[in-house]
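Please study the sequence and the structure shown below.

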Amino acid sequence: MTHTRRAFGAGVAAAVLLALTGLPSAAAADPAPSAPADGKVMLVMGQDSDTLSDYRADVLDDPALGAPDPGGVTLYTNLVLGGSPEALAGMTGPADWGAGTVDFARTMREYPNATVAVGLYLSDATSGCTNQPLRAIIGRDDADVTAGNPNLVTRYRAKVDEMINRFKSYDRDILLRIGYEFDGPWNCYNSEFYKDAFRYIKGRVDALGATRVATVWQSAAWPVNTHPDHPEWNYVVTDPGHLDDWYPGDQYVDWVGLSSFYNSRSVRTQWGCGTYDTDPVGLQDRLLDFARAHGKPAMVSEAAPQGARTGAGTTSCIFRNNPAPSSGQAIWDGWHAGYFDWVERNRDVIRAAAYINTDWDAQTQWQCANGAQAGGPGCANGNWGDSRVQADPTVLARFLDEIRKPTWTHNE
């Protein structure tokens, strides 16, 4: 799986090891692609090719709606050797790991002018959480990395270069979310290995002259302390130094990214059957303040009304699928309005904001049966729902009204 998110119960990395020294350094450069003008926000739709094809057919190609094309689209790939799908799946050909088909060629045909926000998965969470991909990329002299001919360092670094050269061939702006949701414990990244791998990839972007590729450092903004008995694992979000522990450095990061699945209007419903250690909205604001402090544009890299089912007209807590009836207007008021208000209030720093327009229940990775507990049988990866705006006429009308506002940039 290339973008498993919140796989409850996934193992967390072993104790943090010493950081490597001597990695290739990245030369400081102006962020590219450039962020929209001050006060403007690029709309990014996602997050798989099937979803994006449906949005084009149902919304963009309907002349009666007159909907603007998004400025960007979101797709995913992975750089994990020996797994399924293969490394760079979706880029080398269509791939479906139970979360909708990812087909870069198809989506780029259907959205010919769009920036592509690429989620790059680097985790071996399904095979032991040893951080082998990260250790190979940074060139550690570990037995499980250097064995074989050619060894994993050579193979992984060749794949990094292949990926970057493919981005160059697309001849469009790429927002590369390296190890997205880096501090999501379900990815079990080791913070020191992660930072070094991020730096290495950025160094190759620069060395290969991929001037239209920008790096995005995306936090999960997950408001729960995980393994607080091991603060050295850096999954304790209440630690004031949490973000600093994961930050590769200003010369390597072009954009600060974050996930935003809850807002001030939705927290009570979404977290009504769960608990958190720090305010979910406050944690997102903390990421925005971090971006401001480092002079970086912010990208809301993932966002959707988790637990809502637009087509069915229901909402639910995110930890157990107990759907309660909810009109389209109530769904809009209970999540979307809060999300767009938050973006508007912070457009001094937010320059791109995503919306995942997906029927999660139609994708096997994200299905959650009625009454099922997140992380348990029938709901392995959490209660997500159906976030398609076109599944309810009121939500669609409100959404189109919102994205037509002058705040938003599009591809005409």
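Residues are numbered from 1 along each chain as its sequence is written, and side-chain values use heavy atoms, with hydrogens and water left out.

**Confidence**

- The protein has an average pLDDT (the predictor's confidence in each residue, from 0 to 100) of 91, and 92% of the residues score at least 70.
- Residues 1-32 have a pLDDT below 50, and this stretch makes 112 contacts in the model beyond near neighbours in sequence; contact means heavy atoms within 4.5 Å.
- Where pLDDT is low, the predicted coordinates should not be read in detail.

- Helices (H or I, at least four residues) and strands (E, at least two) are DSSP runs, numbered from the N terminus.
- Strand 5 (residues 174-178) is largely enclosed by the rest of the structure, because five of its five residues are buried; buried means under 20% relative accessible area, exposed over 50%, and partly exposed in between (1.4 Å probe, protein chains only).
- In a regular strand the side chains alternate between the two faces of the sheet.
- From strand 5, Ile174, Leu176 and Ile178 point one way, whereas Leu175 and Arg177 point the other way, and all are buried.
- Strand 4 (residues 115-121) pairs with strand 5 in the parallel sense over five bridges; two strands pair if DSSP finds at least two bridges between them.
- Opposite Ile178 in strand 5 stands Leu120.
- Strand 6 (residues 213-219) also pairs with strand 5 in the parallel sense, over four bridges, and Val216 in strand 6 is the bridge partner of Arg177.

**The cavity**

- One cavity of 30 Å³ or more is found in a search of the whole structure; on a 1 Å grid over the protein atoms alone, a cavity is a set of points where a 1.4 Å probe fits but cannot get out, and lining residues have an atom within 4 Å of a point.
- The largest cavity has a volume of about 30 Å³, a volume being the space filled by probe spheres set on the grid points, which are joined across faces, edges and corners.
- Its lining consists of Tyr262, Asn263, Ser264, Val281, Gln284, Gly338, Trp342 and Arg345.
- Helix 9 (280-294) and helix 10 (328-345) each supply at least two residues of this lining, and helix 10 gives the most, with three residues.

**Backbone features**

- Most residues other than glycine have a negative phi, and most peptide bonds are trans.
- A cis peptide bond, with omega about 10°, joins Gly46 and Gln47; Gln47 lies in the loop between strand 1 (41-46) and helix 1 (49-60).
- The peptide bond from Ser84 to Pro85 is also cis, with omega near 0°, and Pro85 lies in the loop between strand 3 (72-78) and helix 2 (104-110).
- Cys129, in the loop between strand 4 and helix 3 (132-138), has a positive phi near 55° and counts as buried at 8% relative accessibility.
- Asn234, in the loop between strand 6 and helix 7, has a positive phi near 65° and counts as buried at 9% relative accessibility.

Conventions:
Predicted model: local features only at pLDDT ≥ 70, side-chain atom pairs only at ≥ 80, totals over all residues. 1 Å grid on protein atoms, 1.4 Å probe; cavity = no way out; pocket = protein on both sides within 12 Å on 5 of 7 lines; lining within 4 Å.
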